[in-house]
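Dear colleague,

Please find below the structure that I am handing over to you. I would be grateful if you could look through it before reading the notes that come after it.

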Amino acid sequence: MRWTPRVWIVLAAVAGLIAVIAGAFAAHGATDPVTQELLRTGSTYAFVHVLATLACAALARTGMKRVGPAAGFFLAGVLLFSGSLYMLAFGAMPVVGVATPVGGFCFMLGWLILIWAAVSARD
């Protein structure tokens with residue numbers, strides 16, 4: 001599979017759907033405050049980075065180079081950061097929490113790469 005803007009859009013849409021489900025469950029289904037907070041935090045970070053991934057796809061379609069790795073790191077961060085929080089909210093073993101800071105680091109790398117892509121882009 002080639003990592004094209006279309007693939008990023010599809011994966012971002014899937015992540016966005018999951019974030020809506022997690023946020024809705026936090027608001028309407030979960031009763032434990034810790035579970036609610038884990039779901040809310042995961043959902044919030046997922047949404048921000050879903051939008052960042054969609055922005056990367058749009059920028060790639062305008063010809064901006066080097067945004068592909070940023071989109072990849074944003075999606076990896078959603079999977080690791082938000083995914084681990086969702087899993088913890090639903091009772092996963094605490095060792096799953098090791099993935100959370102790795103996902104956060106992926107988010108940071110994505111933003112750094114996006115900065116690099118913008119700085120090195122031609123007008």
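This is a predicted model: local features need pLDDT of at least 70, side-chain atom pairs count only at pLDDT 80 or more; totals for chains, interfaces and linings use all residues.

**The largest pocket**

The largest pocket has a volume of about 300 Å³. Its lining is made up of 16 residues, and those nearest the centre of the pocket are Leu 11, Ala 15, Leu 75, Val 78 and Leu 79. Two elements, H1 and helix H3 (68-89), each contribute two or more residues to this lining. The largest share comes from H3, which supplies nine residues.

Is Trp 3 buried or exposed? Trp 3 is exposed, because its relative accessible area is 52% and the class of exposed residues begins over 50%.

**The loop between H2 and H3**

Two residues deserve mention in the loop that joins helix H2 (33-61) to H3, and Met 64 is one of the residues found there. Met 64 has a relative accessibility of 21% and therefore counts as partly exposed, since buried means under 20%. Along the chain, Met 64 lies 54 residues from Val 10, and the C-alpha atoms of the two are separated by 20 Å.

Arg 66 is likewise placed in the loop between H2 and H3. The phi angle of Arg 66 is near 75 degrees, which is a positive value in a residue other than glycine. With a relative accessibility of 40%, Arg 66 counts as partly exposed.

**Phe 73 in helix H3**

Helix H3, already mentioned for its part in the pocket lining, also contains Phe 73. This residue, Phe 73, is partly exposed, with a relative accessible area of 28%. How far apart in space are the C-alpha atoms of Phe 73 and Cys 106? The distance between them is 5.1 Å, although Phe 73 and Cys 106 are 33 residues apart in sequence.

I hope that these notes are of use to you as you begin to examine the structure.

With kind regards

How values were computed:
Residues are numbered from 1 along each chain as its sequence is written. Side-chain values use heavy atoms; hydrogens and water are left out. Buried means under 20% relative accessible area, exposed over 50%, partly exposed in between (1.4 Å probe, protein chains only). On a 1 Å grid over the protein atoms alone, a cavity is a set of points where a 1.4 Å probe fits but cannot get out, and a pocket is an open set with protein on both sides within 12 Å along at least five of seven lines; lining residues have an atom within 4 Å of a point. Grid points are joined across faces, edges and corners, and a volume is the space filled by probe spheres set on the points. Helices (H or I, at least four residues) and strands (E, at least two) are DSSP runs, numbered from the N terminus.
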